[in-house]
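Subject: Structure for you to look at

Hello,

Here is the structure I said I would pass on. My notes on it follow below.

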Amino acid sequence: MGNEEVVIRVANLVKSYETAAGAFPALKGVDLAVRAGEYVAIMGPSGSGKSTFMNLLGCLDTPTSGDYFLAGRNVASLDRDELAVLRNRTIGFVFQGFNLLPRMSLEDNVALPLVYRGVDREPRRARARQLLERVGLGQYAASLPSRISGGQQQRVAIARALVNEPQLILADEPTGNLDSHTSEEIMALFGEFNREGITVVLVTHEPDIANHARRQVRFLDGRIVSDRATGGEAA
Amino acid sequence: MFRFMLAEAWHAMGANRLRTGLTMLGMVIGVGAVVIMMAIGQGAQYAVKQSIASMGSNLFIVLSGSFTTGGVRSGAAGAPTLNVADAAAIAELDGVINVAPVHQGTRQLVYGPNNWNSQVVGTTPSYLDARAWTVVSGAPFGDSDVRSATRVALVGATAAKNLFGDEDPVGKTLRIQQSPFVVVGVLGSKGQSLDGRDQDDTVIIPLTTAQRKVFGTPFQGSVRMITVQAASDEAMPVVEKGIEALLRQRHRLREGMENDFYMRNLSATAESQAETTRTMSLLLGAIASVSLLVGGIGIMNIMLVSVTERTREIGIRMAIGARERDILSQFLLEAIIISITGCFIGLVLGVGMALLVHAVSGMVVVISGGAVLVAFAVAAGVGVFFGFYPARKAARLDPIEALRYQ
C-alpha cells in the first residue's frame, strides 16, 4: 500500500470566514494524505469543519492558507477554468441533497459532465446508459428525477459522479436524507466502486456509515483529532 | 454540444412559458414597430421620389408678374408680362435643354353625353420632353400644330377614363369651350404630384389653339408660365441667373426695379420635400428603436431574475465541471433565442400590419429586404448585448456560494 500514488495531500490547510464578529476559523491547520484506492470516512460533529474541508478538497472553495495537492497538482496555482476541468474529470461529487437538475431526464443528468468535457452525443448517451444500468436504473433513463425515490436519485447522482471515470469520489453526507435500508444500498455501491480502484472520501456523522470505510478521520473544532484504520465494509 | 445547449435553452424557456412569452412580447412589439415605421417611412420616401421623377428633373417655372388695380393685387401670373418670344430667347441660353411656354386653366370637357372638368394645358411639344411624359397610344402633336393652331388634344389617363370609359380615345372628338378637338394621343400615367394633385387629370393642346379657342387672351403671344428644363443639376444655378438677366434685359427693367416675373425652382422644392420625408422616416425609426431598446431591457431584466432563480442549478453545473464559458453561453443562448424568436414574430406582425395599413388607407408602404435584415441583426445584437451582463454574472458565480444558495 505504501508505494501507491498519493491522490490528496494537504498541508497546514487553513480556512477562515469573514463574519461581522471578525474572522471565524473553520479549519485551523489540517494535514492529511490520501493514497489512491483508499476509502476514508471523515467524521465529526457539526461545526467541526468537515464540510468546509470537503468543499476545499472538491475545489469548490479556496483555502485561506496552506497547500493542497490533488493528483500531484498544486490547486492554488490553477485558474477557475482549470479547476472546473479538475472537478469535471478528476473528482466525482455526491451530495446529501442529490443535486440532480430537475428539468432533465436521468440520462441527461448523468451525461451532463460529458457535455462539459465535449464528448459527442452518441458516445455520451451510450456511456450514460451504461452507468445507469450499472446502478440499476437503466429502465428509468428517460424519466425526470421527480419521478423516482430519494435512494434512486442518489444512485443517479453516483452514476453522474462516475461518468467521467474520476480518480476520486467525494461524498458529503450521501445518506443524510435516506432511510437506513436505502443507505445500505448506497454504501454498497460506494464499496463496489472503491474495490474497482476509485478513491472514496465521504463525510458522515453516522458511525454505521463510517464503518464501511477502511480509515476514519475525526474532526473537532477545525482540526483532525484522530486518524485510524478500521476494518471497513463493516455491515 | 450546441444541439444539447439548444435543447436545454428550450427546456429552460418552456419551464416558465408565460414569462418567456411576455419577455418575447417586448421584442415583438419593438421589432414590429420598427418594421411598420420603416415600411411607412420608406413608403413615403418612395412616393416622393416617384412624384419627383414624374415631375421631370431640373425644372424651373417662370411665372408672369402680378399687377395691381385699385389696391387689389393679382398675384403671380396675373399680368401678361411673359410672351412666346421670351420663351424662345430662354431656349437660346447655355445649359437649357427644353423650354415650353404654358397657358393652363380648368375647363369643362365634353364627349358625347359625358362631361368632366379637367386641367387644360396649352403648350408646345417641348413640354412633354421637359416633363419626361410619354404618349402611350396615338402620337404627340408637333410644332406645326402649334404654328397653325390645330384643334388636337392629348388626354391624360384620368381624363380619358372619365370621358371615354372603355373606349379608345384616339381619333375621337371632344369639346372644350364648344370647340371640337381631335384626340391624337393618350398620355402615360404619372400619378400624384407632390401636392397630391392627380397629374393624369389633364388635356394637353397646342399653345396657340389654347390661347385663341379656349382661354382667349387680350395680348397675342403672351403666356402665364414658361417651363424650363436645365441640362443638369449643376447647370441650374447658372441657368437661373441667366434667365433672370435675360428677362430683365428683354423687359427693359432698370437697376433697382423689381422683376416683373417670378421664378420657381421645382427641383429645389422637391428636394426639400424629399428631405422632409427622410427626416420624418428617420424620426419614426428612432421612436421605434426606443421600443426595441425597452424590449432589450426587458430581456436583461428577466435574464437577471432567471440567473438568481437558478443560482443553485449553476452551482451544480459548476461542481460537475462547467467552465465559465459553458455557463456564459448557456444564458447568452437563451437571451438570443428569446430575442430572435421575438424578432421573427415581430417581423411577421410588422409586415402584416404594414400591408393592412396599405390595404386600409392606400398609403404606400415599402418593405425592403435590407430593413428586414437590419431588424434581425439588431434583434440578435440586442439579445447579445442585454443577455451578456446576466450571463456573465452567472458565469462568475462562486461555485460554493451558488451551491449553498437556497
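**The contact between the chains**

In this predicted model, the contact takes 20 residues from chain A and 17 residues from chain B. On the side of chain A that touches chain B, helix 2 and helix 3 of chain A each supply at least two residues. Helix 2 of chain A gives the largest share of that side, six residues. Sorted by class, the side of chain A that touches chain B has nine nonpolar, four polar and seven charged residues.

**Helix 3 of chain A**

The buried residues run through L106(A), E107(A), D108(A), N109(A), V110(A), A111(A), L112(A), P113(A), L114(A), V115(A) and Y116(A).

What do the buried residues of helix 3 of chain A pack against? Within chain A, they pack against helix 2 (80-89), helix 4 (121-134) and helix 5 (150-162). From chain B, helix 1 (2-14) and helix 11 (324-361) also pack against them. After helix 3 of chain A comes G118(A), which has a positive phi, near 90°.

**Chain B as a whole**

Chain B has 13 helices and 14 strands. Its radius of gyration is 33 Å, whereas a compact globule of 406 residues would have one near 22 Å. The C-alpha trace of chain B spans about 100 × 55 × 40 Å along its principal axes. Of the 406 residues in chain B, 41% are buried. Among contacts in chain B with a separation of 6 or more, 81% are between residues 24 or more positions apart.

**Helix 9 and helix 11 of chain B**

Helix 11 of chain B, already named as a partner of helix 3 of chain A, also packs with helix 9 (residues 266-309) of chain B. The angle between these two helices is about 145°, and their axes are 11 Å apart. The crossing of helix 9 and helix 11 of chain B is right-handed. On the helix 9 side, the residues are G295(B), I299(B), M303(B) and V307(B). They meet F331(B), E334(B), A335(B), I338(B), S339(B) and G342(B) in helix 11 of chain B. By class, this contact has six nonpolar, three polar and one charged residues.

Regards

Technical notes:
Residues numbered from 1 in each chain as written. Chains lettered and ligands numbered in written order. Predicted model: local features only at pLDDT ≥ 70, side-chain atom pairs only at ≥ 80, totals over all residues. Buried ≥ 20, exposed ≤ 12 C-beta atoms within 10 Å, placed from the backbone. Helix = DSSP H or I, 4+ residues; strand = E, 2+ residues; numbered from the N terminus. Contact = placed C-beta atoms within 7 Å. Nonpolar A, V, L, I, M, F, W, Y, C, P; charged D, E, K, R; others polar. Rg over C-alpha atoms; globule rule 2.2 N^0.38 Å. Axes fitted to C-alpha atoms, helices over the stretch in contact; angles between N-to-C directions. Left-handed = near helix turned anticlockwise from the far one by under 90°.
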